[in-house]
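Please consult the sequence and the coordinates alongside the text.

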Amino acid sequence: MTTYPVLDKKDTRSGFGEGLLEVGKQDDRVVALCADLTGSLKMDAFAKEFPDRFFQVGIAEANMMGMAAGMTIGGKIPYTGTFANFSTGRVYDQVRQSIAYSGKNVKICASHAGLTLGEDGATHQILEDIGLMRMLPGMAVVVPADFNQTKQATMALADHEGPVYLRFGRPKWPVFIPADMPFEIGKAQVLSEGTDVTLIACGHLVWKALEAAAELEKQGIHAEVINMHTIKPLDEEAVLASVGKTGCVVTCEEHNRYGGLGEAVAQVLTTHHGVPQEFVAVNDSFGESGTPEELLKKYGLDTPDVVAAARRAIKRK
Amino acid sequence: MTAPSTSTASSTSVKELQSIASQVRRDIVRMVHACQSGHPGGSLGCTDYMVALYFHVLRHDPENFTMDGIGEDLFFLSNGHISPLFYSVLAHSGYFPLEELNTFRRLNSRLQGHPTTHEGLPGVRIASGSLGQGLSVAVGAALAKKLNGDPSLIYSLHGDGELQEGQVWEAAMAAAGKKVDNLISTVDWNGRQIDGDVDDVMPLGDLHAKWTAFGWEVMEMEGNDMASVLQGLEQAKGLTGKGKPVMILMRTEMGKGVDFMEGSHKWHGVAPNDAQLEAALKQLPETLGDY
């Protein structure tokens with residue numbers, strides 16, 4: 001299998017911050033709005049470099065979404081920044097009507113998603129956001145795997161016409177995607193080829209999938225690992241090409257098993273090529289306080305959980 | 001011979017605008033009657049304002065509609081349920097053919113029940129209908145104008161019942177906080193909403209004091225008198241560019257122009273039957289020709 005050395009440990013939100021600054025330098029249509037979380041979202045550098053194009057809106061997320069929609073009228077490319085919970089559930093109707101239905105070119109950038117937010121607990125650990133955003137017609141959903149990819153994705157959003165939901169997180173996490181690996185919205189990355197089982201993962205769990213693939217390799221099982229950084233539009237060809245070889249799938253996500261990556265993949269499989277699928281996801285519950293690693297373990301999203309799911313999937317072939 | 005005085009010029013204009021308003025009111029009741037659904041009450045109440053805005057105040061280019069509207073004044077309708085009025089005014093302005101008013105609320109129409117950009121109707125720049133969202137959009141568009149160095153103005157219209165939505169006050173704070181002084185917002189202060197009088201449903205308190213406290217330049221206007229509307233909008237324009245957003249609290253009568261629709265909230269979202277249509281049209285002279 002292909003191995004990926006850990007280059008560093010960095011938070012994906014810092015990748016967003018660097019990407020935002022960079023894309024701000026390249027394209028003066030880019031503006032940024034933040035609802036009192038500039039430090040948490042690592043938007044300080046953009047705010048300092050481009051004070052005229054940065055809008056601190058205070059703790060008023062609904063208004064931020066509407067303002068961002070309005071700023072597209074006149075040709076701006078607004079990036080909104082707040083936690084994933086406040087980027088989706090709190091403002092769902094604003095995103096639905098003023099952004100998605102109105103077809104506005106707003107980039108909704110959401111940090112602190114999922115369990116790995118950690119100690120703040122379930123009020124902030126949204127596990128339903130991928131599903132919420134996936135359901136909106138015309139909304140792209142991007143969940144990059146590490147710091148490097150979050151930076152790339154942040155910059156790529158500016159060239160994507162239409163609304164996008166970009167989901168990233170809080171903890172320091174292995175950086176393993178080479179900075180020069182080509183990134184394209186909607187184009188999955190086969191990180192490692194295999195023949196026995198396909199592991200399709202997004203976000204922080206891509207690293208867990210790679211760890212699981214290494215463990216499976218020791219057990220004589222050759223896993224294919226796909227980084228599905230774009231949940232919508234889903235790269236159906238990549239899914240079908242892989243299951244054509246392996247005949248079974250494990251999906252891995254830091255999200256409720258309902259509505260997320262797993263269901264998106266299942267829809268492709270049931271429509272085109274039915275094969276056994278196992279879900280590594282939160283089993284329809286809220287999270288709780290704890291460290292990221294403790295939480296991933298307790299809620300069944302750790303490396304051994306991926307290994308076990310792969311063995312179950314293979315058995316069902 | 002001296003040049004015509006301002007009052008002469010505007011009185012001519014007032015008469016023309018009143019004539020357009022009469023036709024627009026006919027369009028509203030005919031559209032709502034034709035599909036037996038829609039919102040005539042607020043539409044009739046805001047007709048004078050919208051006619052004054054689109055036919056006298058806005059600097060806009062209906063034949064060459066662009067979403068960005070660079071160099072044009074832009075209008076945002078937040079209380080999207082008064083779509084019959086919006087559509088009639090847009091059509092008479094030249095944004096799309098008048099005949100299209102026949103398709104209001106029908107299958108495959110660009111004239112959806114509530115306005116949307118989704119079907120590509122020229123003149124509409126944001127979807128509205130779910131209340132309370134339009135002021136935020138207007139603030140964003142006004143800030144984009146400033147970033148672009150575009151001196152044009154942003155106008156927006158809101159229901160008074162709509163002010164019960166918290167997002168409106170978030171936007172009010174932002175507009176003042178960001179010194180959005182190229183924005184003239186208007187509240188349709190008719191005192192009524194679907195369930196009854198606003199004071200009974202959820203009182204708004206001292207609106208003038210509230211908007212003032214939020215940092216806006218606030219003025220009041222009689223919204224069903226064309227001369228007052230013209231004067232009010234002119235006054236509002238004079239208040240722009242001074243560091244504060246401008247709010248016009250506009251007194252109107254829901255259902256204005258059709259006697260049996262006035263004085264009640266009951267015609268907020270009810271269509272007239274055949275006899276009521278006939279009675280309404282008798283009160284509204286056909287001035288420009290029915291669509």
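The account below describes a predicted model.

**Chain A**

Chain A contains twelve helices and 14 strands. Its C-alpha trace extends over about 55 × 35 × 35 Å along the principal axes. A compact globule of 317 residues would have a radius of gyration near 20 Å, and the 19 Å of chain A agrees with this. Among the 317 residues of chain A, 63% count as buried. Of the contacts in chain A with a separation of 6 or more, 81% join residues 24 or more positions apart.

**Contact between the chains**

Chain B contributes 28 residues to the contact and chain A contributes 21 residues. On the side of chain B that touches chain A, two or more residues come from each of helix 5 (134-147) and helix 6 (166-177) of chain B. Helix 5 of chain B supplies the largest share of that side, ten residues. The table divides the side of chain B that touches chain A by residue class.

| Class, side of chain B that touches chain A | Number |
|---|---|
| Nonpolar | 14 residues |
| Polar | ten residues |

**Nonpolar core**

The largest nonpolar core has 194 residues, of which A:L199, A:A209, A:A310 and B:V139 touch the most other members. Helix 1 (residues 6-35) of chain B gives the most to this core, namely nine residues. From chain A, domain 1 (10-175) and domain 2 (189-315) each provide at least three residues of the core.

Leaving aside residues up to four places away in sequence, B:V139 touches A:M67 and A:G70 in chain A, together with B:A171, B:A174, B:A175, B:V180 and B:L183 in chain B.

Definitions and conventions. Residues are numbered from 1 along each chain as its sequence is written. Chains are lettered from A and ligands numbered from 1 in the order in which they are written. This is a predicted model: local features need pLDDT of at least 70, side-chain atom pairs count only at pLDDT 80 or more; totals for chains, interfaces and linings use all residues. A nonpolar core is a set of buried Ala, Val, Leu, Ile, Met, Phe, Trp, Tyr and Cys residues joined through C-beta atoms within 7 Å. A residue is buried if 20 or more other C-beta atoms lie within 10 Å of its own, exposed if 12 or fewer, and partly exposed in between; C-beta atoms are placed from the backbone. Helices (H or I, at least four residues) and strands (E, at least two) are DSSP runs, numbered from the N terminus. Domain bounds come from an automatic or database domain assignment. Two residues are in contact if their C-beta atoms, placed from the backbone, lie within 7 Å. Ala, Val, Leu, Ile, Met, Phe, Trp, Tyr, Cys and Pro count as nonpolar, Asp, Glu, Lys and Arg as charged, and the others, Gly among them, as polar. The radius of gyration is taken over C-alpha atoms; the globule rule is 2.2 Å times the number of residues to the power 0.38.
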